[in-house]
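Please examine the sequence and the three-dimensional structure shown below.

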Amino acid sequence: MILSSLCVAYAGLLALALAMDRHHEQVFARRPSARTSRLLGWAGWLGLALSLPPAVIGWGWAVGIPAWLGLLTVAAAALVLLFPHAPRAALRLGPVALLCAPFPALLG
Amino acid sequence: MKDGFRQSMAWLHTWSGLLLGWLLFAVFLTGTIAYFRQEVTVWMQPELHGSIPDAGTAERAVERMGQLAPDAAQWTITLPGERSPAVSVSWRPVDAKPNDRAALKRATLDAGTGAVLEPRDTAGGNFLYRFHFELYGMPREVARWIVGIATMAMLVAIVSGIITHRRIFKDFFTFRPEKSALRSWMDGHVAAAVLALPFHLMITYSGLLLFMTMLMPWAVDLAYDGNRQAYFAESGFRRAPPPPRPAPQVAPLTPVAPLLAEADRRWAGRGGVGSLTVTNPGRANATIELRPAESDSIGRGAATERLLFDGVTGRTLEAPPAEPQPAAMATGNYLMGLHLARFAGTGMRWLFFISGVAGTVMVGSGLILWVVKRRSQRGRADTWADGPEPFGHRLADRLNIGVVAGLPLAVAAYFWANRLLPAGLEERAGWEIGVFFLTWAAALLHAPLRPSRRGWAEQLWAGAALFALLPMLNLATAAGHLGNSLPAGNWLLAGFDLTALAVGLLLGFAARKVGRNVFARKAAPASALPAGAVVEELT
């Protein structure tokens with residue numbers, strides 16, 4: 001459950017970052033169109049919203065919410081450190097995270 | 001005065017942050033380690049490393065207590081768990097007063113054999129935990145006031161910081177290590193602050209709440225007419241009623257295994273039984289009370305739930321459910337519970353630890369930024385090196401070295417002292433703490449004697465070496481080294497060694513950066529900085 005939440009949170013934050021001109025340029029070397037930017041933004045918020053349920057299911061509301069915020073911190077810290085040094089790796093980790101997300105939930 | 005409010009917030013942020021910043025750095029650093037204080041204590045007691053719990057540990061401990069203290073009024077047995085491998089026991093002699101903690105006798109038992117262990121005298125992780133809110137060697141109340149005031153300054157710095165750096169949510173993911181020193185320190189400071197912002201707000205505000213009755217006693221004094229004991233009693237911090245006197249008739253204690261099984265059934269998935277309290281053991285009116293190892297809610301410790309059995313027949317006497325709390329108290333307890341993190345399992349503890357590291361980095365980088373910014377404004381490209389500068393700037397820089405680089409060094413020295421001081425030394429725990437403060441004092445004295453960059457590099461390298469070599473020291477002085485702990489899957493011990501290694505590598509990385517002075521080579525001269533953009537944001 002921890003890993004599911006972390007993976008989805010990472011993917012969501014990545015989409016949110018890519019919706020911003022500066023980080024989109026870091027990864028793709030061009031600015032996003034207004035439409036792309038808006039879509040990425042929506043996808044990002046959706047990802048953040050979807051990363052909350054695993055934490056709450058795993059820990060309950062009282063512990064789940066602080067845990068979720070802590071996981072957001074870890075995922076965002078990974079992005080902040082990856083963008084200046086390895087922007088392509090930050091991008092590639094996104095689909096990997098999404099692929100991994102269901103497994104911890106399935107394993108319990 | 002278009003920017004008047006933001007300017008004044010920036011001023012407030014700078015000075016509330018700087019003046020108590022060195023103290024706050026120490027509070028954040030030691031408080032962050034305190035999330036693992038039990039793990040630290042176990043590492044610092046190598047005598048416990050061979051204790052391996054099994055299914056029979058609880059019964060074995062009860063049996064051993066029958067030999068150690070057959071005539072005691074009460075036994076308390078704390079079972080091993082994820083965070084400690086041995087059994088802690090305490091007992092109260094019949095003639096001692098019920099609430100007299102000093103009369104309690106204590107011992108540590110090997111979980112696998114029941115043998116009494118003699119761990120070395122150490123304050124362990126508790127010293128760092130206590131230091132983060134009570135400092136050391138001064139009256140507790142005074143120290144708590146000092147830390148309370150610093151915590152208030154922290155809250156002011158956080159709120160004014162959010163207003164000052166208004167772009168933080170737009171620049172959420174931005175970190176530009178390749179840019180000017182000023183720019184990258186700024187990014188680092190803001191990233192550490194904003195990434196864990198909910199944590200920073202929670203930990204600071206709840207830290208104040210924990211001091212609530214000390215910092216703001218007036219509401220309680222008014223409502224209870226100055227009788228604080230009455231307030232504590234009513235808020236549920238009441239002391240347990242004195243246990244009944246031992247009955248004169250002797251009766252054997254019921255086997256505990258069925259009671260434990262009953263508790264495991266009721267508290268499934270909660271780590272089982274954490275502790276047993278046996279009152280009047282061996283007497284006709286004996287009772288056995290079980291408490292869960294973990295609480296599944298934050299606001300109340302595991303303590304409020306319990307199972308009480310007749311100690312002779314094994315019949316269940318009561319299993320009171322936890323009482324509901326009023327909403328205001330539940331909210332307060334929830335926030336304070338988050339701060340203390342007693343509810344947290346290892347995964348949660350790591351999340352808190354990482355956020356605590358972010359907080360430590362936030363305070364440390366803020367302190368460094370104060371100096372870097374003033375050097376940039378004077379047109380200095382090399383922000384590490386010495387030069388003619390006002391006394392105040394030099395003082396701040398040297399204090400930064402002695403605290404930001406010197407304190408990790410002192411913590412590492414504390415761990416080294418734990419293994420190098422003879423195990424049987426008189427007042428041993430005090431000596432370990434003495435080594436901590438001597439090392440820190442040496443770092444504070446060393447800083448003004450050296451050129452700035454050399455001072456930084458030397459202290460960072462020393463800290464890096466001491467931390468990175470801790471696993472080797474453990475290998476040389478204890479059985480619980482990585483060669484044993486990793487194959488056995490003993491993450492309690494392996495976690496300490498691996499974390500120490502990681503901290504050593506990080507400090508080494510920082511030392512190399514300072515030593516090589518990458519910042520200076522790439523930094524643009526201050527005159528070429530887009531002064532409007534950068535300096536405006538920083539003032």
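## Salt bridges, annotated spans and backbone angles

B:Arg306 is partly exposed, with a relative accessible area of 22%; here buried means under 20% relative accessible area, exposed over 50%, and partly exposed in between (1.4 Å probe, protein chains only). This is a predicted model, in which local features need pLDDT of at least 70 and side-chain atom pairs count only at pLDDT 80 or more, while totals for chains, interfaces and linings use all residues. Residues are numbered from 1 along each chain as its sequence is written, chains are lettered from A and ligands numbered from 1 in the order in which they are written, and side-chain values use heavy atoms, with hydrogens and water left out.

Side chains of opposite charge can pair when their charged atoms come close. A salt bridge is defined as a side-chain nitrogen of Lys or Arg within 4 Å of a carboxyl oxygen of Asp or Glu. Over all chains, the structure holds 21 salt bridges. Among them are the pairs in this table.

| Pair | N to O distance |
|---|---|
| B:Glu289 and B:Arg306 | 2.5 Å |
| B:Arg398 and B:Asp397 | 3.3 Å |
| B:Arg450 and B:Glu458 | 2.5 Å |

B:Glu289 and B:Arg306 form a salt bridge. B:Glu289 lies in strand β6 (residues 287–292) of chain B and B:Arg306 in the loop between β6 and β7 (307–310) of chain B, so the pair ties together parts that are 17 residues apart in sequence. Helices (H or I, at least four residues) and strands (E, at least two) are DSSP runs, numbered from the N terminus. B:Glu289 is buried, at 12% relative accessible area.

B:Arg398 and B:Asp397 are both buried. They belong to a network of salt bridges that also links B:Arg375, B:Arg378 and B:Glu389. In the remaining pair of the table, B:Arg450 is partly exposed at 29%, and B:Glu458 is partly exposed at 23%.

An unreviewed UniProt entry places the feature "transmembrane region" at several spans of chain B, including residues 190–212 and 429–448. Such annotations may be inferred rather than shown by experiment; feature names are shortened, and positions follow the numbering used here. Residues 190–212 of chain B are 91% helix and 0% strand, with end C-alpha atoms 29 Å apart. For residues 429–448 of chain B, the values are 100% helix, 0% strand and 30 Å.

Which phi value does B:Asn280 have? Its phi is near 50°, a positive value in a residue other than glycine. B:Asn280 lies in the loop between β5 (273–279) and β6 of chain B, and is buried at 2% relative accessibility.
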